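Thanks for making time this morning.

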Amino acid sequence: MSPIPGSGLAKGLAVTLRTMTKKTVTAQYPDVQPELPPRSRGVIGLFEENCTVCMLCARECPDWCIYIDSHKETVPAAAPGGRERSRNVLDRFAIDFSLCMYCGICIEVCPFDALFWSPEFEYAETDIHDLTHERDKLREWMWTVPEPPALDPGAEDPKEIAAARKTAEKLEAQRAQEAQQAEEAQDAPQIRTQQAAQPAQEEKGEE
């Protein structure tokens with residue numbers, strides 16, 4: 001069946017009329033900030049205390065927009081006779097947001113939770129070279145990262161929390177045992193004195 005001539009025009013006019021009767025909603029940006037979804041991907045924040053310079057994020061980045069520099073430092077032995085160790089120290093951590101495609105692979109592969117999504121999105125620059133942000137700026141964005149959602153009531157505790165709780169319980173039991181031993185050691189002279197005084201009291205009673 002062939003379409004009725006002018007039906008397309010009539011449908012278009014109907015859409016226009018429906019739109020004309022609705023109230024126009026204008027977002028007054030930047031005076032009024034938009035309400036972003038909780039998992040918005042704005043920029044990437046760096047918590048550099050957790051970074052071990054493992055380079056996983058830079059190697060897995062499909063755009064090669066992460067730049068990391070580091071050097072090695074020698075750590076003295078923790079105990080006498082121990083062996084010195086070397087560790088990587090972070091010198092530079094930068095992300096070129098003119099290349100970043102916000103895939104989140106760097107955040108997913110980080111084994112030590114050093115990278116997080118921040119909802120910040122206002123970082124436009126007049127020069128494309130200024131879109132390479134160093135670790136100081138990434139650190140500032142870290143403090144805008146929202147808290148993670150709460151676990152389900154029936155979910156198991158994370159391994160880190162379970163290990164920390166187990167260690168705390170072990171230390172508490174050890175302290176209680178040490179306190180009991182100290183109390184027994186403090187009471188021991190009194191018990192010996194009482195035991196030594198009992199035969200003397202018995203002898204007096206017999207007399």
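Predicted model: local features only at pLDDT ≥ 70, side-chain atom pairs only at ≥ 80, totals over all residues.

**Core, salt bridges and a surface patch**

Let me begin with Ile-66, which, leaving aside residues up to four places away in sequence, touches Cys-57, Ala-58, Cys-61, Phe-93, Ala-94, Ile-95 and Cys-106, where contact means heavy atoms within 4.5 Å. Residues are numbered from 1 along each chain as its sequence is written, and side-chain values use heavy atoms, with hydrogens and water left out.

Ile-66 is also among the residues with the most contacts inside the largest nonpolar core, which has 26 residues; the others in that group are Ile-44, Ile-68, Phe-93, Ile-95, Phe-97 and Leu-115. By nonpolar core I mean a set of buried Ala, Val, Leu, Ile, Met, Phe, Trp, Tyr and Cys residues joined through side-chain atoms within 4.5 Å, with buried meaning under 20% relative accessible area, exposed over 50%, and partly exposed in between (1.4 Å probe, protein chains only). Among the elements that give two or more residues to this core are strand 1, helix 2 and helix 3 (105–109), helices (H or I, at least four residues) and strands (E, at least two) being DSSP runs numbered from the N terminus.

Turning to charge, the structure holds six salt bridges, each a side-chain nitrogen of Lys or Arg within 4 Å of a carboxyl oxygen of Asp or Glu. In one of them Arg-139 pairs with Glu-49, their closest N and O atoms being 2.9 Å apart. This pair links distant parts of the chain, 90 residues apart, since Arg-139 sits in helix 4 (residues 135–142) and Glu-49 in the loop between strand 1 and helix 2 (56–60). Both residues belong to a network of salt bridges that also includes Glu-48 and Arg-135.

Glu-73 and Arg-87 form another salt bridge, at 3.7 Å from N to O. Because Glu-73 lies in strand 2 (residues 66–75) and Arg-87 in strand 3 (residues 85–96), the pair ties together parts 14 residues apart in sequence. Glu-73 is partly exposed at 34% relative accessibility, and Arg-87 is partly exposed at 45%.

Finally, which residues make the nonpolar surface patch of about 270 Å²? They are Tyr-29, Leu-36 and Phe-121, and Tyr-29 lies in the loop between helix 1 (7–21) and strand 1 (43–46). Patches are made of residues with over 30% relative accessible area and no salt bridge, like charges being joined within 9 Å and nonpolar side chains (Val, Leu, Ile, Met, Phe, Trp, Tyr) within 5 Å; accessible areas come from the Shrake-Rupley method with a 1.4 Å probe, and for residues only the protein chains shown count as cover.
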